[in-house]
Amino acid sequence: MHWFVAKVVYQIICGNGNHTPQFDEQLRLISAVTKKDACEKAREIGMQEQYAFKNQQQELVQWKFINVPEVYTLDQLTDGMELYSRIEEPGDPNSYIAWLQMKSAQLQGQQYFELNV
């Protein structure tokens, strides 16, 4: 088994979504045999950890899974290694989502190439 860091991205939607678009970019530590396995496992985690709740105004607040645009192999774990979660507020959420989907597709294509070389 190897250790990987995967970026899992969620869109945060409050009520009808009529607010500044927000995205939660989370770096997740993944244990897997291959980078492809790590990517699949990260996607499963992303899907499983989508959730929704009602806020104080009784509006639905959702963490909607978008995708996993990045996966990195960790050669060695070190004490104090930084992993983070970041809220992103892009000016154009559709472009941001398209960019994430493109990066995810590139990652999948790269994995295909690595497996067939």
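# Briefing on a predicted protein chain

Read along the sequence, the chain follows the pattern β-β-α-β-β-β-α, which comes to two helices and five strands. The model is predicted, and the values below are computed from it. Among the contacts with a separation of 6 or more, 72% are between residues 24 or more positions apart.

**Helix H1**

- Helix H1 covers residues 35–48, and its 14 residues should span 20 Å at 1.5 Å a residue, which agrees with the 20 Å that separates its end C-alpha atoms.
- The buried residues in H1 are Lys-35, Ala-38, Cys-39, Ala-42, Arg-43, Ile-45 and Gly-46; because they cover an arc of only 160° around the axis, they lie on the same side of H1.

**Salt bridges**

- Glu-25 forms a salt bridge with Lys-7, in which the closest N and O atoms are 3.6 Å apart; the pair links distant parts of the chain, with Glu-25 in strand S2 and Lys-7 in strand S1, 18 residues apart, and both residues are buried.
- Lys-7 also meets the side chain of Glu-70 in a salt bridge, at 3.3 Å from N to O; here strand S1, which holds Lys-7, is linked to strand S4, which holds Glu-70, across 63 residues, and Glu-70 is buried, as is Lys-7.
- A salt bridge of 2.6 Å, N to O, joins the side chains of Arg-28 and Glu-49, linking Arg-28 in strand S2 to Glu-49 in the loop between H1 and S3, 21 residues apart; Glu-49 counts as partly exposed because its relative accessibility is 36%.
- Salt bridges that share partners join Lys-7, Glu-25, Glu-70 and Lys-103 into one network.

- Ser-31 lies in strand S2, which runs over residues 22–32, and Ser-31 counts as buried because its relative accessibility is 19%, where the cut-off for buried is under 20%.
- Leaving aside residues up to four places away in sequence, Ser-31 touches Met-1, His-2, Trp-3 and Lys-41.
- Leu-29 is also found in strand S2, and with a relative accessible area of 38% Leu-29 is partly exposed.
- Together with Trp-3 and Leu-77, Leu-29 makes a nonpolar surface patch of about 260 Å².

**Pairs that are apart in sequence**

- Tyr-10 is found in strand S1, residues 2–14, and counts as buried at 1% relative accessibility; Tyr-10 and Met-47 are 37 residues apart in sequence, and their C-alpha atoms are 9.6 Å apart in space.
- Ala-105 is found in helix H2, residues 93–115, and is partly exposed with a relative accessible area of 46%; Ala-105 and Val-68 are 37 residues apart in sequence and 9.4 Å apart in space, C-alpha to C-alpha.

**A positive phi in a loop**

- Most residues other than glycine have a negative phi.
- Gln-58, although not a glycine, has a positive phi of about 65°.
- Gln-58 has its place in the loop between strand S3 (51–54) and strand S4 (60–74), and with a relative accessible area of 55% Gln-58 is exposed.

Note on methods. Residues are numbered from 1 along each chain as its sequence is written. This is a predicted model: local features need pLDDT of at least 70, side-chain atom pairs count only at pLDDT 80 or more; totals for chains, interfaces and linings use all residues. Side-chain values use heavy atoms; hydrogens and water are left out. Helices (H or I, at least four residues) and strands (E, at least two) are DSSP runs, numbered from the N terminus. Buried means under 20% relative accessible area, exposed over 50%, partly exposed in between (1.4 Å probe, protein chains only). Contact means heavy atoms within 4.5 Å. The expected span of a helix is 1.5 Å times one less than its number of residues. The arc is that of the directions from the helix axis to the C-beta atoms. Patches are made of residues with over 30% relative accessible area and no salt bridge: like charges are joined within 9 Å, nonpolar side chains (Val, Leu, Ile, Met, Phe, Trp, Tyr) within 5 Å. Accessible areas come from the Shrake-Rupley method with a 1.4 Å probe; for residues, only the protein chains shown count as cover. A salt bridge is a side-chain nitrogen of Lys or Arg within 4 Å of a carboxyl oxygen of Asp or Glu.
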